[in-house]
Amino acid sequence: MFLDEVTIFVKAGRGGDGCVSFRREKHVPRGGPDGGDGGRGGHVIFEVNPHLHTLLDLRYKQYYSAGRGSHGMGKKMHGRNGDDAVICVPPGTTVTDAESDKTIAELTKPGQRKIVALGGKGGRGNAHFATSTNRTPRVCEEGVAGQELTLQVELKLMTDVGLVGLPNAGKSTLLARLSAARPKIADYPFTTLQPHLGIVRRGEYQSFVMADIPGLIEGAHKGRGLGTRFLRHIERTEVLVFLLDCASSDVTRDLKTLQKELGCFNPKLLKKKRIIAITKIDLLTEREQCPVVETNDRVPVCHISSVSGEGLDTLLKAIDVQLER
Ligand SMILES: Nc1nc2c(ncn2[C@@H]2O[C@H](COP(=O)(O)OP(=O)(O)OP(=O)(O)O)[C@@H](O)[C@H]2O)c(=O)[nH]1
Ligand SMILES: [Mg+2]
């Protein structure tokens, strides 16, 4: 199961209380106050684990709390700090405060850590409160409560190339042909219901990640079809490949529909590097029948067939050029 949106509750640890204590020792008259401070409460920390690919773990555990700090003790002993709660998430995770809608963390690099809820400070013991006029203070501070938050955790996949197309354009077939990914392929619209990733090997040492996302239809930004929720996964891609079915009655209109939906979701998507691929050309009996796309800017156009393999090399080379590898 692929999961890209979860709400969780986190609670950082409470600080330990300070201590009231006096030094009592043989031959040490009026030893004075020696109550130690409480320990700090544990933080709640997010950490990127590159081996994770979905937020599924957070679905099964929604409450996270860090340990509380221990209280201070006599002999000026400081309480132990609380244990931190570490939440592991895949790269590409964004954490927002559900109440204020403010982004708290953007986690992209493996191993990256971010404290999202601070543990409470420990209270000071009575050793801190001695003054010249009050040498036997019987006061101490209580530990402060840790931060408590409701967090919206969102995953935006980190990919290099995103496939965009109307349903049945052949996105999943292309991904299956180029990589080891095995998305479901069938001759009906909306076969793909969740994003799929595949690694496309280029030469011996190079590769790029390609994402197949569910098909878009006109009005998707208003919720038609599967909506545009999945488009967030291509917000971070470098190159978009627009797949247009050569059997379509008007490929230029298809392209405009796709661009309009992307623009309605996030206008920045239209500024990305683009490649147009006319798919399923093995179905054409003559090359002349191949539809011509009209675009006003210079976008490379490839003609491919994921079944016969024709034109795939050209497409991959075009992607290499756009990725500047
Ligand atoms: N002949 C031929 N058929 C193709 C080619 N690519 C895809 N198809 C067929 O087109 C149909 C749809 O392909 P999919 O890859 O599932 O299309 P999709 O774009 O992923 O569709 P959705 O997931 O529904 O958005 C399947 O029946 C494929 O076998 C191609 O290059 N040539
Ligand atoms: Mg598909």
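**Briefing: a helix, its sheet and a magnesium site**

Glu-324 comes directly after helix α4 and has a positive phi, near 55°. The model described here is predicted. The points below cover helix α4, the sheet that it packs on, the magnesium ion (ligand 2), and strand pairs involving β8.

**Helix α4**

- Helix α4 covers residues 312–323 and contains 12 residues.
- From its first C-alpha to its last, α4 reaches 16 Å, which is close to the 16 Å expected at 1.5 Å a residue.
- The buried residues of α4 include Leu-312, Leu-315, Leu-316, Ile-319 and Leu-323.
- Ala-318, Asp-320 and Gln-322 of α4 are buried as well.
- In an α-helix there are 3.6 residues a turn, so residues three or four places apart point the same way.

**The six-stranded sheet**

- An open sheet is formed by six strands, in the order β10-β11-β9-β12-β13-β14, with mixed pairing.
- Strands β10 and β14 (301–303) are at the edges and have a single partner strand each, so one side of each has no neighbour in the sheet.
- From one strand to the next, the twist averages 25°.
- Helix α4 packs on this sheet and touches β9 (161–165), β10, β11 (206–212), β12, β13 and β14.
- The direction of α4 makes about 175° with that of β13.
- Within the sheet, β12 (residues 239–245) and β13 (residues 273–279) pair in the parallel sense, over seven bridges.
- Leu-240 has Arg-274 in β13 as its bridge partner.

**The magnesium site**

- Which protein atoms are donors of the magnesium ion (ligand 2)? They are OG of Ser-172 and OG1 of Thr-192, lying 1.9 Å from the ion.
- These two residues are 20 residues apart and link distant parts of the chain.
- Ser-172 belongs to helix α2 (residues 171–178), while Thr-192 is in the loop between α2 and β10 (196–202).
- Ser-172 counts as buried because its relative accessibility is 9%, and the cut-off for buried is under 20%.
- Thr-192 also counts as buried, because its relative accessibility is 8%.

**Strand pairs with β8**

- Strand β1 (residues 5–11) runs antiparallel to β8 (residues 148–155), and seven bridges join the two.
- The bridge partner of Phe-9 is Thr-150 in β8.
- Strand β5 (residues 93–97) also pairs with β8 in the antiparallel sense, over five bridges.
- For Asp-97, the bridge partner in β8 is Leu-151.

Conventions:
Residues are numbered from 1 along each chain as its sequence is written. Chains are lettered from A and ligands numbered from 1 in the order in which they are written. This is a predicted model: local features need pLDDT of at least 70, side-chain atom pairs count only at pLDDT 80 or more; totals for chains, interfaces and linings use all residues. Side-chain values use heavy atoms; hydrogens and water are left out. Donors are N, O and S atoms within 2.8 Å of the metal (3.2 Å for Na, K and Ca); water is not among the atoms, so sites may look incomplete. Helices (H or I, at least four residues) and strands (E, at least two) are DSSP runs, numbered from the N terminus. Buried means under 20% relative accessible area, exposed over 50%, partly exposed in between (1.4 Å probe, protein chains only). Two strands pair if DSSP finds at least two bridges between them. Axes are lines fitted to C-alpha atoms, for helices over the stretch in contact, and angles run from 0 to 180 degrees between N-to-C directions. Contact means heavy atoms within 4.5 Å. The expected span of a helix is 1.5 Å times one less than its number of residues.
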